[in-house]
Amino acid sequence: MKKYILCIVLLGSIFLALTGCGSAPAAADTPFSGGAGTPEDPYRISTDADLWELAERTNRGDAREAFAGACYILTGDIDLGSKNWTPIAMEGTAFTGTLDGDGHTVRGLKIHATAKSGQTDFGLVSRNQGTIRNLTISDSSIQIKGSGGNAAAFAGSAFNGTFENCRTTASVEISSSYCAAGICANLNKGSALSGCANSANITSTGDVGQAAGSGCYVSCPITDCTNDGTVTSQG
């Protein structure tokens with residue numbers, strides 16, 4: 001009898017192995033909507049959830065290093081729905097990858113915040129140390145209160161960061177009690193803008209700029225950029 005039961009158990013085990021039945025292995029972590037994060041196969045940002053995931057991963061200590069220097073591409077227009085946005089690479093770091101909008105538009109970018117110690121740069125990206133290109137931001141509102149808040153649509157500041165073919169539309173409102181501009185509020189050495197256009201309305205009680213705000217203009221070239229927005233300085 002014992003031999004008979006053992007045979008049944010062995011046959012059952014063989015059947016499960018052959019048919020693939022039983023518990024499936026846990027699915028691997030697949031970031032965003034696919035891609036490998038390389039220049040040849042960038043991570044695909046296809047939905048608002050993907051963009052939120054990018055912000056979450058670049059602000060989480062255990063994931064930040066893994067996604068440093070990665071390449072991303074938008075595969076369509078994205079509407080963030082005016083939910084209060086947490087900038088990409090906000091927590092004491094910088095965005096070091098490449099974000100390619102591929103001609104698409106991000107709408108509904110909303111940042112209404114008060115600048116605090118260690119959180120001074122506000123935009124789609126907090127501090128750009130990589131490349132942002134071929135992207136338009138529309139129907140958005142960035143309002144920063146408190147001292148030391150740099151506000152712009154694409155990045156609050158940049159260190160060795162570049163902006164190529166970045167645009168804001170007239171439906172974008174940007175204000176800050178410190179420094180504000182359309183594309184990047186505070187340029188630092190090694191940064192550059194090319195082919196960018198600002199149509200956002202900008203207000204600041206401190207430094208204010210058009211496509212770019214305060215910074216080192218001698219070593220930060222700004223080429224082929226235009227401004228159609230209303231720029232108001234109250235300081």
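Predicted model: local features only at pLDDT ≥ 70, side-chain atom pairs only at ≥ 80, totals over all residues.
A search of the whole structure finds 7 of them, and we will stop at some along the way.

**Stop 1: E56 and R60**

Select E56 and R60 and show their side chains. The two form a salt bridge, and their closest N and O atoms are 2.9 Å apart. Is E56 buried or exposed, or something in between? With 37% relative accessibility, E56 counts as partly exposed. R60 is partly exposed too, at a relative accessible area of 32%.

**Stop 2: D77 and R107**

Now select D77 and R107. Here is another salt bridge, with 3.7 Å between the closest N and O atoms. D77 sits in the loop between β2 (71–74) and β3 (78–79), while R107 belongs to strand β4 (residues 98–107), so this pair ties together parts that are 30 residues apart in sequence. D77 has a relative accessible area of 45%, which makes it partly exposed; R107, at 31%, is partly exposed as well.

**Stop 3: R133 and D100**

Finally, select R133 and D100. Their salt bridge has its closest N and O atoms 3.5 Å apart. R133 lies in strand β8 (residues 131–138) and D100 in strand β4, so the pair ties together parts that are 33 residues apart in sequence.

Notes: Residues numbered from 1 in each chain as written. Heavy atoms only, no water. Salt bridge = Lys/Arg side-chain N within 4 Å of Asp/Glu carboxyl O. Buried < 20%, exposed > 50% of the residue type's maximum accessible area, 1.4 Å probe, protein only. Helix = DSSP H or I, 4+ residues; strand = E, 2+ residues; numbered from the N terminus.
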